[in-house]
Amino acid sequence: MESQRHDCLVKVSVISNVETGHDDMIHDAQMDFFGTRLATCSSDRSVKIFEVKGSTHTLVANLREHEGPVWQVAWAHPMFGNILASCSYDRKVIIWQEDGHKWKKIHEHANHDSSVNSVCWAPHEHGLVLACASADGSVSILTSTAHTWEFKKITNAHSIGCNSVSWAPAVASGSADGSGRVGATPVQRIVTGGCDTYVKIWRLDGASGDWVEESKMEGHSDWVRDVAWAPSIGLPRSIIASCSQDRRVIIWVNDGVTGVWQPRELNTFDDVIWHVSWSVTGNILAVSGGDNKVSLWKENLDGQWVCLSDSAKGQAASEQRTL
Amino acid sequence: MSSVRVDVQWSPAAPDQFLTWGTDLQLYQVQDALPSETVQPPRVRLSSHSVASLLATNNDIQYIKCVSWCPAVESDPTHQLLAVGQANGKVAITNFSKLADPRGIKGKEFNPKHARPVNSLAWSSQEPQLLAAGLDKVRTDHSVVVCDVSRPGLAPSYTFEQRNSISGDVLKPLMEYGNAETAHSVAFSLHTARTLMAGMNNKQIRLFDLRENKMCASTNTKAVYGICTDIHNQHRFASFFENQVSIWDLRNIERPVLNLDASKPVTKLSWCPSRVGLVASLCRDSSTIRLHDILHYTAGGEDQEPAVITRSITPDASTFISAFSWHPTHENRLLTASYTGKLVDYSVQERITLNWSATSALVWTNGKKTLQQVDCTHPVYAHYDDVLTAIMIRAQKKYGLYVDNLAMNGEVAGDISLRNLWTWLDAAKGLATTGNFKLPGGVPYRYHGVWSLLTAGNLNSDVINRPWIGQEGQKQQFAKVFRSEERSRALELCSWGFENESLLGSFLAQLEAAGSHTRAAAAAVFNQRIKEAVQILQRGAASRKLPELNSTAMALAGYTEERKALWRETCISLRSQLTDPYLRAMFAFLTDDADSFDPVLGEAEMAIQDRVAFACSYLSDVRLMDYLEKLNTRLTEEGNLDGILLTGLCSEGIDLLQRYVDLTGDVQTVALVTIHTLQHAIAKDSRLAHWVQSYRNLLDSLCLWNERAQLDVIMNENKHAERPPQHIYITCNFCKKGITPYIQAAGRPRNPYARFGTGSSNKSKMQACPNCRKPLPRCSLCLVHMGTPSGWDSTTQKTSVQEDTGEGPASASTSRRKLSHFSSWFTWCQTCRHGGHAHHLMEWFKEHSECPVTTCTCKCMSLDTVSKVSSSSINVSK
């Protein structure tokens with residue numbers, strides 16, 4: 001029965017399976033920057049780290065500090081060392097670090113009043129900065145400064161609860177001369193999605209040091225489940241994908257000139273959409289839904305999003321190739 | 001069929017068996033099946049992967065109203081006991097076995113005093129011999145009845161309604177409640193033993209304590225139907241009424257914890273056994289089941305609206321669902337029955353997490369405990385056409401690392417449009433660096449395109465009548481071509497700069513050598529050389545075994561200016577049937593009457609430079625600009641890299657590259673173009689810097705360190721102004737000051753070694769710290785104090801620097817030499833900190849693996865990662 005479950009993506013059974021050994025529902029699985037480690041978390045309250053070599057996965061750590069289901073994990077950029085963040089129903093965010101083959105807790109952030117649903121590390125240009133979205137409706141931004149962690153909080157970011165947070169890529173105007181040095185500090189931005197059906201964009205105001213609401217995007221009619229800011233290779237255009245309980249995925253495009261976010265509906269699906277995730281270059285969007293389907297989407301020349309697993313696939317692919 | 005409502009229930013005894021009832025009881029067995037398999041009656045298909053076959057039928061009992069499996073699991077599933085409530089008020093205990101029940105429970109019956117329907121049956125899970133029944137109202141009897149099925153049957157002295165009794169024993173009620181009332185639904189509490197909940201009289205839910213045989217609590221509500229307890233939370237139960245579902249807490253049944261609204265009257269309610277806080281409801285005349293996730297409802301606190309996530313599932317959209325049943329053990333598995341009797345086996349999918357990794361592996365969860373993964377090495381991945389795969393393969397082939405011959409980059413890219421791009425860049429770089437190619441007005445060439453070149457000034461072209469060559473014996477004919485300095489330059493950019501005969505000849509020969517005979521022929525014809533074109537086609541026919549080219553040559557040879565000639569009409573009518581774009585264009589050109597040339601210019605399969613060059617020769621100023629503008633706009637719109645020929649690498653060209661990245665995500669190509677040709681513009685346009693930065697990050701995450709390093713080397717070579725800052729300094733052990741003062745004083749043009757009298761340059765030895773004059777450490781092998789002048793040799797070799805300056809600052813800076821030869825450099829082990837002169841240590845480690853210092857056992861050489869890197873990957877391509 002299990003093998004029948006991934007019908008949309010591919011009709012073959014040779015995709016590699018990873019047996020995680022979790023005792024309950026897995027909620028997240030993330031590969032690190034180099035694709036050599038896989039972190040998973042589950043309702044069984046544990047976070048597991050696997051060493052990936054080809055198709056073999058070896059368990060290297062089983063981290064048990066959370067007291068509730070662990071919803072999400074996130075790897076920091078490797079320039080900061082091997083650092084992982086996890087967030088849980090127990091209202092805590094834990095930051096883990098590998099120290100000589102041992103993983104240990106280096107920080108615990110317990111300043112939310114309810115389940116923490118999502119964590120996301122900022123682009124490394126901003127330093128070691130973590131955004132946490134909680135069911136208490138607030139978003140906190142943790143910053144590491146010389147062995148201490150400070151946090152700022154956006155209270156009541158989304159009424160009822162905040163489900164997802166994602167960072168904008170660090171795009172500095174007139175900086176990054178190729179030698180890695182950054183002239184002007186890039187603007188820090190995050191996008192959040194919540195139970196109030198809104199997708200909101202927040203910016204760190206350089207002058208006041210506070211996070212301010214920059215845009216409030218209305219489009220969904222039910223809980224926003226996930227938001228994902230696309231990797232910005234097509235500067236100055238910014239793209240955000242959001243998905244919702246209302247069975248829709250919306251692509252928000254900001255051309256970078258007008259500053260207006262234009263929504264475009266990717267598709268209305270048969271069931272709830274749980275997650276959206278961009279490929280590394282930002283040209284393919286993966287979507288997972290309650291109908292147990294993982295589908296991949298690509299924008300064609302006319303700006304239409306086409307499903308790669310549809311029958312129109314061949315056509316769409318050839319359109320891309322003729323460029 | 002529609003008159004009989006079919007209900008379903010999974011068996012508690014066997015995970016692959018379920019029961020249906022309408023007119024009779026049927027036990028089915030679920031089996032796996034392939035989607036392709038044809039399923040014939042009596043087997044029925046449940047889903048794409050399962051079928052059900054009928055195991056047993058029990059038609060002893062008529063007028064079934066409700067059925068409930070006994071929770072006490074029997075070892076043999078067919079012996080699993082069932083309570084069946086009937087329309088006449090009888091409750092029968094039965095099973096699907098043909099054998100007699102040794103305990104004598106099977107066949108027992110409860111007979112009410114007055115016949116009326118049984119509305120609900122419930123077994124106690126704590127004491128599985130207890131069975132409760134809720135009956136309709138009758139004036140003189142109780143409506144809630146609790147029996148103990150294991151009690152011995154009553155003696156025949158119990159004479160009530162004996163005529164209704166069949167064979168088995170009669171069940172005597174243990175307790176009776178609700179005289180002259182209606183019981184709509186009954187359920188045992190999971191929290192306290194022997195506590196029964198009953199929804200009564202359309203207005204009350206009552207709790208009965210069987211131990212004390214009394215009612216212990218009651219609440220007024222209309223939600224009296226379908227009471228069901230949550231096995232994950234013993235305090236929680238749910239009930240419904242019309243369009244509303246209520247969730248209750250046993251500890252406080254004053255009012256419901258939560259009310260959920262439905263759009264239509266609810267007909268069934270059931271808690272999911274495999275997931276906490278999930279309750280499913282079914283509405284009348286509906287093909288969807290609604291799942292309410294109430295797990296987080298307390299999270300919002302009292303003042304906020306309850307956070308309940310409702311999700312609709314549609315197992316089969318074609319029919320209305322009459323009933324459903326959660327599988328008792330399988331994760332989120334449901335069985336639904338429709339009014340037409342169709343059964344569907346359905347699994348409710350949990351939230352699937354999904355993530356792309358930086359190395360383009362896609363990971364998602366499959367079911368509860370398994371992850372699935374597909375990455376770029378997988379053949380399926382190729383279907384996604386992810387540009388990252390191409391980027392990775394190209395990077396490994398050293399795409400963009402060929403500096404001297406840019407066209408090679410196009411060769412390794414393996415893509416026709418990229419090959420054209422790099423070929424053009426190679427040519428343009430040649431033009432830009434030699435400096436011989438000057439634009440009109442003496443402007444030096446900086447990667448201009450045809451369009452930017454022609455729009456730079458006003459175009460004012462002369463008309464020349466160019467003679468057709470090689471038509472002996474005929475009247476001399478002329479073709480009208482346009483000429484101006486800009487046009488000549490543009491033609492050169494299209495590699496059509498035929499200032500003299502020999503250039504054209506070699507161009508045609510090149511094309512022929514490349515096997516493009518038709519293109520060569522077309523180029524010849526566009527330059528008024530019919531005879532040459534005919535010969536080219538003949539050669540093509542011979543060398544490429546294409547005899548049809550001969551007939552084309554024949555047709556071409558018959559070219560005539562005569563407007564009404566048969567040749568012309570035939571060519572026009574048959575032209576469209578030619579498959580080769582160049583042949584089509586050639587005949588279109590020859591048969592063109594009004595000098596419009598639209599068919600030639602519209603030949604999109606022709607290489608862009610041929611089309612543009614043709615336009616530059618044959619179109620008047622106004623039409624040329626019009627044509628180029630349209631072409632430019634269209635190519636930019638499409639993000640077509642061919643458009644670089646028009647835009648060049650000016651700001652419009654960057655826009656085109658931007659569009660290309662937007663559409664393809666191929667940041668690699670644009671970053672490489674930037675590095676090779678647009679270094680000077682990086683500071684002006686942040687996009688360029690961003691591309692380069694993105695590509696370097698990509699190489700990092702793909703672990704392509706060597707490629708990344710080589711790319712940085714190229715970048716720094718192409719960068720005229722700055723060098724990267726020094727990363728490593730050597731300091732004196734005593735004064736902690738750097739022993740390379742020149743580097744630290746960079747920018748100050750003075751000779752730091754002046755006081756040591758280093759006039760004799762390379763031969764100087766500096767064995768003491770230049771600051772405190774204490775000696776530097778000794779070499780562990782020769783025991784001589786180490787120390788040599790280090791840093792860039794810019795002061796001692798002034799003469800050579802001055803000679804180089806003629807070639808520009810870039811070459812001057814690279815020609816500067818280090819003060820010391822490598823063999824006399826400092827080197828040391830990072831682990832044991834012992835070291836010495838580089839060439840001494842290299843000699844030593846050819847024969848030894850341990851440190852040369854006597855008592856040190858450090859295996860210095862084997863610790864050095866450089867020695868492990870395969871030699872092939874260190875080779876930097878030049």
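**View 1. The hairpin of S22(A) and S23(A) has five residues between its strands, and within this hairpin A:Gly282 takes a positive phi near 75°.** The model shown is predicted; local features need pLDDT of at least 70, side-chain atom pairs count only at pLDDT 80 or more, and totals for chains, interfaces and linings use all residues. Strands (E, at least two residues) are DSSP runs, numbered from the N terminus. Strand S22 (residues 273–278) of chain A and S23(A) run antiparallel and are joined by five bridges; two strands pair if DSSP finds at least two bridges between them. A:His275 stands opposite A:Ser288 in S23(A). Residues are numbered from 1 along each chain as its sequence is written, and chains are lettered from A.

**View 2. A second hairpin, that of S23(A) and S24(A), has four residues between its strands.** Here A:Asn292 takes a positive phi near 60°. Five bridges connect S23(A) with strand S24 (residues 294–299) of chain A, and the two run antiparallel. Opposite A:Ser288 stands A:Val294 in S24(A).

**View 3. Strand S23 (residues 284–289) of chain A is largely enclosed by the rest of the structure, because six of its six residues are buried.** Buried means under 20% relative accessible area, exposed over 50%, and partly exposed in between (1.4 Å probe, protein chains only). A:Ile284, A:Ala286 and A:Ser288 point one way from S23(A), whereas A:Leu285, A:Val287 and A:Gly289 point the other way. The residues on both sides are all buried.

**View 4. B:Thr94 is found in strand S8 (residues 91–94) of chain B.** B:Thr94 counts as buried because its relative accessibility is 4%. The side chains of B:Thr94 and B:Asn58 are joined by a polar contact of 3.0 Å; a polar contact is a pair of N or O atoms within 3.5 Å, and within protein one must be able to donate a hydrogen and the other to accept it, while residues adjacent in sequence count only if both atoms are side-chain atoms. Leaving aside neighbours within four places in sequence, B:Thr94 is in contact (heavy atoms within 4.5 Å) with several residues, including B:Leu25, B:Ile61, B:Leu82 and B:Lys106.

**View 5. In chain B, pLDDT stays under 50 over residues 742–764.** The predictor's confidence in each residue, from 0 to 100, is its pLDDT. For residues 742–764 of chain B the model has 29 contacts beyond four places in sequence. Residues 869–878 of chain B also stay under 50 in pLDDT, with nine such contacts. The mean pLDDT of chain B is 77, and 82% of its residues reach 70 or more.

Key: Heavy atoms only, no water.
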